[in-house]
Amino acid sequence: MKKAWRKIDRYSQEVCLISKYKLNTLDDVNHFINVSNDQIKLIEKQRQHIYNKLRRCTDTDKRTELLSQRNNCTSALQALHKDIRTSNHIIEDNSEINSNIKAEQNIQKQQFTVKNKQKIKEKFYLDYYR
């Protein structure tokens, strides 16, 4: 039960990411990952500059400002890492989801053909006895 619940949460996060960034294909997802990795590199570089300034800073007001900037960079990095993790899950789950969709379509097609055969039999039966 817990495993199924985790899978539902995972799919929910994937759907939210897809709708948030309007990702339609796997190429879009791969492009999103590359762009996010570039953003991570930039933010990490910016955060390293802030760390360097913090080491040399003696003014308390300036230090609190630098600390808040550092925390903002860290929270942005956490969000980007989470989005990349979710987009990697999208790529992993794509084949499983496609196979489930095909299986569902096959089941629906089989049910449709069975219902049509039953309707045809009923029609011939009713026409025969009229």
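Visitor: What share of the 130 residues in the protein chain do buried residues make up?
Guide: This is a predicted model, where local features need pLDDT of at least 70, side-chain atom pairs count only at pLDDT 80 or more, and totals for chains, interfaces and linings use all residues. Residues are numbered from 1 along each chain as its sequence is written, and side-chain values use heavy atoms, without hydrogens and water. Buried means under 20% relative accessible area, exposed over 50%, partly exposed in between (1.4 Å probe, protein chains only). Of the 130 residues, the buried share is 18%.

Visitor: Which order do the elements of the protein chain follow from the N terminus on?
Guide: Helices (H or I, at least four residues) and strands (E, at least two) are DSSP runs, numbered from the N terminus. The chain has three helices and zero strands. The order is α-α-α.

Visitor: Is Glu14 buried or exposed?
Guide: Glu14 sits in helix H1, residues 2–21. Its relative accessibility is 4%, so Glu14 counts as buried.

Visitor: Which residues does Glu14 touch, not counting those up to four places away in sequence?
Guide: Contact means heavy atoms within 4.5 Å. Asp93 lies 79 residues from Glu14 along the chain, with 9.6 Å between their C-alpha atoms. Glu14 touches Thr86, His89, Ile90, Asp93 and Ile97.

Visitor: Which residues is Ser87 in contact with, leaving aside neighbours within four places in sequence?
Guide: Ser87 belongs to helix H3, residues 60–128. Ser87 is buried, at 0% relative accessible area. Its contacts are Leu17, Val29, Phe32 and Ile33.
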